[in-house]
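Me: I'm new to this structure and would like to learn how to read it. Could you take me through some features, one at a time?

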Amino acid sequence: MRGHTVSKIYVQPPDHYRFVEFLDFAKEHHYNLEIATFAYASVLDADWEKILKEHQQQLSGFRGAVSLHGAFQEIFVHSSDSKIAEVSKERILRNLQIAS
(Lines give C-alpha, C1' and ligand atoms only; values in the text may rest on other atoms or scores of the structure.)
Protein backbone atom coordinates (compact mmCIF):
# COMPACT_ATOMS: atom_id res chain seq x y z
CA MET A 1 0.00 0.00 0.00
CA ARG A 2 1.51 3.30 -1.08
CA GLY A 3 2.55 5.58 1.77
CA HIS A 4 1.38 3.07 4.37
CA THR A 5 3.42 2.71 7.55
CA VAL A 6 3.61 -0.37 9.69
CA SER A 7 1.51 -0.29 12.84
CA LYS A 8 2.88 -0.42 16.36
CA ILE A 9 0.59 -3.38 16.96
CA TYR A 10 2.11 -6.84 17.35
CA VAL A 11 0.22 -10.08 16.86
CA GLN A 12 1.34 -13.30 18.46
CA PRO A 13 0.51 -16.80 17.28
CA PRO A 14 -0.56 -18.97 20.23
CA ASP A 15 1.73 -21.78 19.01
CA HIS A 16 3.88 -22.73 16.04
CA TYR A 17 1.05 -24.70 14.43
CA ARG A 18 -0.85 -21.47 13.72
CA PHE A 19 2.21 -19.41 12.79
CA VAL A 20 1.33 -18.98 9.09
CA GLU A 21 -2.25 -17.98 9.89
CA PHE A 22 -1.07 -15.17 12.18
CA LEU A 23 1.75 -14.18 9.84
CA ASP A 24 -0.74 -13.77 7.00
CA PHE A 25 -2.99 -11.70 9.28
CA ALA A 26 -0.04 -9.47 10.24
CA LYS A 27 0.87 -9.00 6.56
CA GLU A 28 -2.70 -8.18 5.57
CA HIS A 29 -3.12 -5.57 8.30
CA HIS A 30 0.47 -4.25 8.28
CA TYR A 31 1.06 -5.38 11.86
CA ASN A 32 4.23 -6.61 13.49
CA LEU A 33 4.80 -10.14 14.74
CA GLU A 34 5.87 -11.43 18.13
CA ILE A 35 7.04 -15.04 18.07
CA ALA A 36 6.59 -16.94 21.31
CA THR A 37 7.25 -20.37 19.83
CA PHE A 38 10.65 -20.70 21.51
CA ALA A 39 9.47 -19.64 24.95
CA TYR A 40 8.14 -23.10 25.71
CA ALA A 41 10.03 -26.12 27.00
CA SER A 42 8.04 -28.44 24.75
CA VAL A 43 9.54 -26.71 21.70
CA LEU A 44 13.05 -26.28 23.13
CA ASP A 45 13.11 -29.99 23.97
CA ALA A 46 11.89 -30.95 20.49
CA ASP A 47 13.35 -30.26 17.03
CA TRP A 48 13.48 -26.50 17.58
CA GLU A 49 16.03 -26.05 14.77
CA LYS A 50 13.54 -27.40 12.22
CA ILE A 51 10.82 -25.08 13.54
CA LEU A 52 13.24 -22.14 13.42
CA LYS A 53 14.13 -22.85 9.78
CA GLU A 54 10.44 -23.10 8.90
CA HIS A 55 9.73 -19.76 10.59
CA GLN A 56 12.68 -18.11 8.84
CA GLN A 57 11.45 -19.31 5.44
CA GLN A 58 7.89 -18.24 6.17
CA LEU A 59 9.07 -14.78 7.26
CA SER A 60 10.75 -14.18 3.89
CA GLY A 61 9.39 -10.91 2.54
CA PHE A 62 7.65 -9.92 5.79
CA ARG A 63 8.08 -6.17 6.18
CA GLY A 64 6.93 -5.71 9.75
CA ALA A 65 9.04 -5.84 12.87
CA VAL A 66 9.64 -9.23 14.44
CA SER A 67 10.24 -9.79 18.14
CA LEU A 68 10.96 -13.01 20.00
CA HIS A 69 9.49 -13.88 23.36
CA GLY A 70 12.04 -15.82 25.37
CA ALA A 71 11.61 -18.60 27.90
CA PHE A 72 9.79 -17.37 30.97
CA GLN A 73 7.97 -20.22 32.65
CA GLU A 74 9.71 -21.66 35.67
CA ILE A 75 12.99 -19.86 34.93
CA PHE A 76 15.02 -19.44 38.13
CA VAL A 77 18.59 -18.49 37.28
CA HIS A 78 19.29 -17.66 40.93
CA SER A 79 17.80 -20.83 42.35
CA SER A 80 19.65 -22.34 45.30
CA ASP A 81 19.20 -25.66 43.49
CA SER A 82 22.14 -25.69 41.09
CA LYS A 83 20.41 -28.03 38.62
CA ILE A 84 17.40 -25.74 38.29
CA ALA A 85 19.68 -22.72 37.86
CA GLU A 86 21.68 -24.58 35.20
CA VAL A 87 18.63 -25.56 33.15
CA SER A 88 17.25 -22.02 33.46
CA LYS A 89 20.50 -20.57 32.13
CA GLU A 90 20.52 -23.12 29.29
CA ARG A 91 17.01 -22.03 28.27
CA ILE A 92 18.03 -18.38 28.19
CA LEU A 93 21.21 -19.10 26.24
CA ARG A 94 19.22 -21.19 23.75
CA ASN A 95 16.81 -18.28 23.23
CA LEU A 96 19.76 -15.95 22.59
CA GLN A 97 21.12 -18.45 20.06
CA ILE A 98 17.74 -18.56 18.30
CA ALA A 99 17.50 -14.77 18.24
CA SER A 100 20.92 -14.34 16.66
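Me: Let's start with Q12: is Q12 buried, partly exposed or exposed?

Reply: The idea is to look at relative accessible area: under 20% is buried, over 50% is exposed, and anything in between is partly exposed (1.4 Å probe, protein chains only). Q12 has a relative accessible area of 35%, so Q12 is partly exposed. Before we go on, this is a predicted model, where local features need pLDDT of at least 70 and side-chain atom pairs count only at pLDDT 80 or more, while totals for chains, interfaces and linings use all residues. Residues are numbered from 1 along each chain as its sequence is written, and side-chain values use heavy atoms, with hydrogens and water left out.

Me: Where does Q12 lie?

Reply: Helices (H or I, at least four residues) and strands (E, at least two) are DSSP runs, numbered from the N terminus. Q12 sits in the loop that joins β1 (10–11) to α1 (19–29). The protein has four helices and three strands, and their pattern along the sequence is β-α-β-α-α-β-α.

Me: Which residues is Q12 in contact with, leaving aside its neighbours within four places in sequence?

Reply: A contact means heavy atoms within 4.5 Å. With those neighbours left aside, Q12 is in contact with F22, E34, A36 and H69. With E34 there is also a polar contact, side chain to side chain, at 3.5 Å. That term covers a pair of N or O atoms within 3.5 Å; within protein, one must be able to donate a hydrogen and the other to accept it, and residues adjacent in sequence count only if both atoms are side-chain atoms.

Me: What about S88, buried or exposed?

Reply: S88 has 2% relative accessibility, so S88 counts as buried. You'll find S88 in helix α4, where a polar atom of its side chain lies 2.9 Å from the backbone oxygen of I84. Not counting residues up to four places away in sequence, S88 touches E74, I75, F76 and V77.

Me: How many salt bridges does a search of the whole structure find?

Reply: Side chains of opposite charge can pair when their charged atoms come close. The cut-off is a side-chain nitrogen of Lys or Arg within 4 Å of a carboxyl oxygen of Asp or Glu. The search finds two salt bridges. In one, E21 pairs with R18, with the closest N and O atoms 2.9 Å apart. In another, R91 pairs with D45 at 3.0 Å between the closest N and O atoms. That pair links distant parts of the chain: R91 is in helix α4 and D45 in the loop between α2 and α3, 46 residues apart. R91 counts as buried because its relative accessibility is 18%, while D45, at 56%, counts as exposed.

Me: Which residues have the most contacts inside the largest nonpolar core?

Reply: A nonpolar core is a set of buried Ala, Val, Leu, Ile, Met, Phe, Trp, Tyr and Cys residues joined through side-chain atoms within 4.5 Å. The largest one here has 15 residues, and L33, F38 and L59 have the most contacts inside it. At least two residues of this core come from each of α1, β2 (32–35), α2 (41–44) and α3 (48–58). Leaving aside neighbours within four places in sequence, F38 has a list of contacts including W48, I51, H69 and I98.
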